[in-house]
Amino acid sequence: MTNLKVCKKLHVFIFISVIFIAIGMAIGTVCHFVANGFFNYGGEFASYKSITVSYYYSEHNENTNVEEICKYAVAGVNPVEVSYATNELSEEIVYKFSATTDNAKLQAIVDEINSNFTGLESGAILHEGVVNEGGAKNIVYAAIALASAAAFQFLYYIIRYKLRAAFSALLACVHNLGVYAALLAVTRIPVGTEAVAIGAAVVLITMILSGLFFDRTRKNFKNEKFVKTDRVEVVETSASEIRIITVTALVALAIAAVVLGAFAAISAMYIGAYAPAIVALLGVIACFYGSVFFTPAVHSAIDVCCEKVKSSSKSSTPKKQKATAKEENEVKENDEVKE
Amino acid sequence: MGKTKSIVITVLLALIMAVAAFFAVVSFDVGTSKRYNSILSNVSLGADYTGYAYTTIYPEGVITASDYNGLVDEYTSAGTGSGLTDPATKYEQCGNLYVDKDEHSDIDALKASVASDAKILNARFGQKGYSSYGVAVEDGLSIKISVPTYFTSAQFASLDEDGRSTRLSAATAALSTITSAGTLTLRTSDTSIETTDANGNAKTYDMVKLGSDEWADKATVDGSKTYSLSKDDVAPYFSSITGGSIGSTAVLTFNFTAEGREKIKEITTLVASSSSQTLYFFVGDSQLVGYSSCTSPIDSGSISLQTNDADTARNIAITLDSVVKGNVLSLQYGDVSVASQKSNGGISAILTLVACVLLFAGLVAFLTVKYKKLGAITSAIAFLFALVEVYALQLLSITVTFAVVFTCAVLIALFAISCAIVFAEVKRLTLTGRTIQASIKDAYKNVLMTITDLHLVLVVVAILLATIGVGEVAACGLISVIGVVASYVLYWFTRFMWYVTSSPEKDKFKFAGLKRVVYEDD
């Protein structure tokens with residue numbers, strides 16, 4: 001794994017990232033017009049259809065298993081969420097379905113439930129259109145918080161590292177969030193507020209891993225061992241040195257997401273229950289691709305470009321040119337003295 | 001450090017951790033009537049674990065199918081000569097609901113009003129900072145509002161009934177206050193107020209005639225009618241209304257506009273002369289707050305009123321602020337029925353805990369296999385880290401959602417990465433021929449800035465997420481602040497534990513799976 005060369009495949013990674021994000025944007029845009037939105041909105045963002053089954057137990061129906069009747073009727077049309085409610089007088093089961101579910105199918109379910117409940121003081125109602133207003137405000141504030149975080153990291157890196165590292169780190173955050181959003185758009189996983197919070201976690205992971213990478217790169221550039229080594233090679237070496245830690249951490253997080261998702265699925269076999277785990281897994285995948293492949297490759301290119309600009313600006317400035325010539329002469333003289 | 005000292009410190013730490021873990025995890029009965037609920041069972045859980053409290057509100061003149069059937073039964077049993085109107089002629093069916101045709105002749109206009117009100121309610125509930133909530137328009141004519149109950153697992157399992165009813169009351173209070181419909185009026189319960197004018201002449205105000213009082217019969221306080229203190233719309237008197245807590249005091253603050261300051265002075269002059277000396281703030285026919293000690297006119301840019309708790313202050317402030325900014329619900333809605341507690345068919349908190357325990361066991365196994373004795377010690381410190389997170393979740397009232405659980409996993413990964421970096425450096429230095437102690441000392445020195453930079457950036461980022469973000473993002477930010485600080489402190493604790501555990505070792509060149517490479521020159 002440490003021998004993997006990523007810096008020389010910059011064009012491949014840029015191509016993959018651009019294409020993937022573009023596909024995500026395209027699918028999202030198409031779905032925005034023909035389906036239920038750019039993302040497959042779930043939770044409090046989603047408009048949905050629902051069947052509400054209200055009932056209460058009395059001496060006439062205490063042996064009736066309402067849940068079983070409903071489960072049997074609903075089988076075949078996958079609800080996205082099922083919830084059970086109790087209040088002072090009665091109980092409720094609410095089945096949520098995606099907004100695109102066929103009304104006729106849902107009405108058939110309602111009829112079947114109602115036919116089984118005749119005389120049992122129970123009833124099912126179909127809500128054909130539930131328009132959820134959603135918590136858009138949360139997204140706006142999250143976006144501001146993440147932008148502020150990225151801006152802070154940029155400024156910190158300018159001071160602690162160099163502008164080129166700061167720019168690469170910023171790009172890493174933007175790229176990983178872009179890939180994460182594209183993955184959400186492409187996979188059509190239901191997206192609720194947890195997706196926004198996991199987006200924040202994606203930024204945290206990216207910052208941890210890019211922090212390690214840029215620190216190692218800086219150390220290696222200062223290391224005498226690498227004085228005569230090509231800059232791209234130094235970046236490559238730095239990336240490979242931290243790759244084991246990066247991959248181990250990300251694999252561990254991926255396992256965490258899978259295990260949490262599996263246990264969520266055990267507790268409720270509806271996509272609404274385990275979708276957050278899939279969203280987290282997609283976040284880890286975005287971080288994996290970004291941190292292992294994209295960031296080192298792009299940073300090496302940015303570093304080379306900056307070096308070129310630096311050297312060309314040196315050579316284009318007469319005073320600097322003179323100074324450089326003088327330095328070269330001094331070095332030559334020193335070499336001669338040594339000889 | 002001698003072997004005895006090392007063992008004493010290790011045992012002492014193990015004991016502290018065991019005690020902390022015991023109180024964090026184990027719940028038990030204290031005597032016959034009381035119960036100690038563990039820290040973990042007292043952590044607030046988000047809607048994805050314990051569900052929502054919800055209510056459905058219907059505009060006046062809109063009834064449910066069951067209400068309609070009740071009217072039909074009543075009409076049928078009373079007979080046609082009873083004088084009751086036939087529900088079939090009075091109401092028009094619209095989906096699952098029935099609309100009174102006299103009150104709402106244009107159903108499309110009614111639907112548009114409901115949709116507009118839902119947007120206003122969504123904005124109001126958005127300010128509550130819930131981890132998640134829902135404002136949904138059902139069939140175009142009713143609004144279903146869901147807010148998280150934030151039960152702890154003890155409350156969810158009905159092991160803490162008092163706490164459970166407190167949480168439900170809080171959710172119900174939010175639902176009933178924030179859904180208040182109508183404009184803001186300032187009211188008094190006095191029918192007449194005697195006061196003196198600027199020239200010292202006695203003057204009596206008939207409050208029944210003074211204000212615009214279409215709600216005089218509805219807007220009551222303890223059964224007494226109340227009367228508006230102004231004929232004008234009072235909303236422009238206020239620039240903003242905020243609520244929260246200052247220290248342990250819950251405060252509601254009204255900030256006045258320049259015009260409002262003058263008007264409020266006039267109104268409070270009147271209230272100060274009344275027998276009740278109480279100024280009531282009503283939205284529609286709901287009394288939201290009363291200023292019960294208005295003994296003198298208010299002549300300042302703002303006033304602050306004390307409320308029962310910060311949550312109440314926030315609910316009232318959100319509603320009043322929305323109303324004074326022109327976001328008035330266009331329809332009157334029926335009473336908010338008692339919010340139903342909704343147990344969730346979603347993720348089980350217990351199973352998530354089992355998953356976390358399994359994952360942690362995996363981490364321990366990995367660390368122990370890779371770093372032997374040192375791995376076991378690091379695992380113990382990682383356990384301490386997990387305990388810190390659990391205590392922080394409870395003490396800071398952070399709501400646990402799936403995203404928060406995942407963020408905790410990221411934070412443990414941060415701690416593990418920090419340890420892995422320094423272990424790798426120790427290993428590298430050990431291979432150069434130094435003693436373990438010297439390697440440890442130099443390794444921590446070498447990676448000092450790496451670890452500090454990493455944690456410094458992350459703690460500021462976490463603070464930004466916690467302060468700017470709302471809901472789940474803020475919760476993730478807050479636990480991240482604790483997690484990053486704990487990671488940094490415990491990272492240095494590993495340095496101490498290296499020292500404690502490696503000092504008694506006789507072979508100074510061999511420890512925890514690391515050993516000096518013996519060169520031929522040696």
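Me: An axis here is a line fitted to C-alpha atoms, for helices over the stretch in contact, and angles run from 0 to 180 degrees between N-to-C directions. In this predicted model, are H1(A) and H5(A) roughly parallel or oblique to each other?
Reply: The axes of helix H1 (residues 10-34) and helix H5 (residues 163-187), both of chain A, come within 8 Å and cross at roughly 45 degrees. Angles under 35 degrees count as roughly parallel, and 65 to 115 as roughly perpendicular. H1(A) and H5(A) are therefore oblique.

Me: How many nonpolar residues does the contact of H1(A) with H5(A) have?
Reply: On the H1(A) side the residues include A:Phe20, A:Ile23 and A:Ile27, and these belong to a group that meets residues of H5(A), among them A:Val179, A:Ala182 and A:Val186. By class, the contact has no charged residues and 5 polar ones, while the nonpolar residues number 11.

Me: Are H6(A) and H12(B) roughly parallel or oblique to each other?
Reply: Helix H6 (residues 193-222) of chain A and helix H12 (residues 402-431) of chain B have axes that come within 9 Å and cross at roughly 10 degrees. The contact is made by residues including A:Ile198 and A:Leu204 of H6(A), together with B:Phe406 and B:Leu414 of H12(B). With angles under 35 degrees as the cut-off, H6(A) and H12(B) are therefore roughly parallel.

Me: How many Å apart do the C-alpha centres of domain 1 and domain 2 of chain A lie?
Reply: The domain assignment gives domain 1 of chain A as 7-38 + 135-314 and domain 2 as 47-130. The C-alpha centres of domain 1 and domain 2 of chain A are separated by 43 Å.

Conventions: Residues numbered from 1 in each chain as written. Chains lettered and ligands numbered in written order. Predicted model: local features only at pLDDT ≥ 70, side-chain atom pairs only at ≥ 80, totals over all residues. Helix = DSSP H or I, 4+ residues; strand = E, 2+ residues; numbered from the N terminus. Parallel < 35°, antiparallel > 145°, perpendicular 65-115°, else oblique. Contact = placed C-beta atoms within 7 Å. Domains from an automatic or database assignment. Nonpolar A, V, L, I, M, F, W, Y, C, P; charged D, E, K, R; others polar.
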